[in-house]
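Here is a briefing for a first look at this structure. Please keep the sequence and the 3D view open while you read.

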Amino acid sequence: MDPNDETGCVTFLVRHAWLSMRSALATALDEYGLSVQQYGTLLCVREEPGLTVAEVGRVVGTTRQSANELITGMERAGLVERRPNPKDRRTQQVHLTPGGERRLAEAGPAIRKVEEELEASFTATDRATARAWLAHMVTAVEG
């Protein structure tokens, strides 16, 4: 797929890039006993402590039911905990445990190394442009 081909589908190119990156990330995360979804969940819960299960699902791109199963497994592993939501007794909030904080800190350098390797042929301008475009697409879609 030629990235300079204006007639191509950018969406497919982004998806293909993500699948390639996901494979590299999964290999790196395996050493820390984490899946890509678990790592993403740890990141988003650290960023926004107290997210509901449904909110975690939206952020990591899965259904509420799948997010619930993901979080249940992460609870069993001692990575997150659920607490009552003081604003809505029907939902629970997800928080990192000290074990989750520790695992995230341990895995972070491995993820950064993978990203650096994938971006090795980029100039600083290329990296900044790609990151700005991706951030823009996220906010444009989220509204």
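Tyrosine 32 touches Arg103, Glu106, Ala107 and Ala110, not counting residues up to four places away in sequence; contact means heavy atoms within 4.5 Å. Tyrosine 32 sits in the loop between H1 and H2. Its C-alpha atom is 6.3 Å from that of alanine 107, although 75 residues separate the two along the chain.

This is a predicted model, in which local features need pLDDT of at least 70 and side-chain atom pairs count only at pLDDT 80 or more, while totals for chains, interfaces and linings use all residues. Residues are numbered from 1 along each chain as its sequence is written, and side-chain values use heavy atoms, with hydrogens and water left out.

**Overall layout**

- The chain has six helices and three strands. These are DSSP runs numbered from the N terminus: helices are H or I with at least four residues, strands are E with at least two.
- In sequence order, the pattern reads α-α-β-α-α-β-β-α-α.
- The C-alpha trace spans about 50 × 35 × 25 Å along its principal axes.
- Among contacts with a separation of 6 or more, 46% join residues 24 or more positions apart.
- The accessible surface of the chain is about 9,800 Å². Carbon and sulfur atoms hold 53% of that surface. The areas come from the Shrake-Rupley method with a 1.4 Å probe, and for residues only the protein chains shown count as cover.
- Of the 143 residues in the chain, 28% are buried. Buried means under 20% relative accessible area, exposed means over 50%, and partly exposed lies in between (1.4 Å probe, protein chains only).

**The nonpolar core**

- In soluble globular proteins, nonpolar side chains tend to be buried together.
- Which members of the largest nonpolar core touch the most other members? They are Leu29, Leu34, Tyr39, Leu42, Val56, Val80 and Val94, out of 26 residues.
- H1, helix H2 (36–47), helix H3 (53–60), helix H4 (64–76), strand S3 (92–96) and helix H5 (98–118) each supply at least two residues of this core.
- A nonpolar core is a set of buried Ala, Val, Leu, Ile, Met, Phe, Trp, Tyr and Cys residues joined through side-chain atoms within 4.5 Å.
- Leucine 29 is in contact with Leu34, Ser35, Val36, Tyr39, Ala107 and Ile111, leaving aside neighbours within four places in sequence.
- Threonine 41 belongs to helix H2. Threonine 41 counts as buried because its relative accessibility is 0%.
- Beyond its neighbours within four places in sequence, threonine 41 contacts Val56, Val60, Leu70 and Met74.

**Around arginine 82**

- Arginine 82 is part of strand S2 (residues 80–84).
- Is arginine 82 buried or exposed? Arginine 82 has a relative accessible area of 19%, so it is buried.
- Its side chain makes polar contacts with the side chains of asparagine 68, at 2.6 Å, and threonine 72, at 2.7 Å.
- A polar contact is a pair of N or O atoms within 3.5 Å; within protein, one must be able to donate a hydrogen and the other to accept it, and residues adjacent in sequence count only if both atoms are side-chain atoms.
- Not counting residues up to four places away in sequence, arginine 82 touches Val53, Asn68, Ile71, Thr72, Glu75, Gln92 and Gln93.

**Salt bridges**

- Side chains of opposite charge can pair when their charged atoms come close.
- How many salt bridges are there? The count is five, where a salt bridge is a side-chain nitrogen of Lys or Arg within 4 Å of a carboxyl oxygen of Asp or Glu.
- One of them joins glutamate 75 and arginine 82 (2.9 Å, N to O). Glutamate 75 is partly exposed, at 30% relative accessibility.
- Aspartate 88 pairs with arginine 90, with the closest N and O atoms 3.1 Å apart. Arginine 90 is exposed, at 75% relative accessible area.
- Glutamate 117 and lysine 113 also form a salt bridge (3.7 Å, N to O). They are four residues apart in helix H5, so about one helical turn separates them.
- Glutamate 117 is exposed, with a relative accessible area of 52%. Lysine 113 is exposed, at 52% relative accessibility.

**A nonpolar surface patch**

- Val10, Val14, Trp133, Leu134 and Met137 form a nonpolar patch on the surface. Together they have about 420 Å² of accessible area.
- Patches are made of residues with over 30% relative accessible area and no salt bridge: like charges are joined within 9 Å, nonpolar side chains (Val, Leu, Ile, Met, Phe, Trp, Tyr) within 5 Å.
- Helix H1 (10–30) and helix H6 (124–142) each supply at least two residues of the patch. The largest share, three residues, comes from H6.
- Methionine 137 lies in helix H6. Methionine 137 counts as partly exposed, at 33% relative accessibility.
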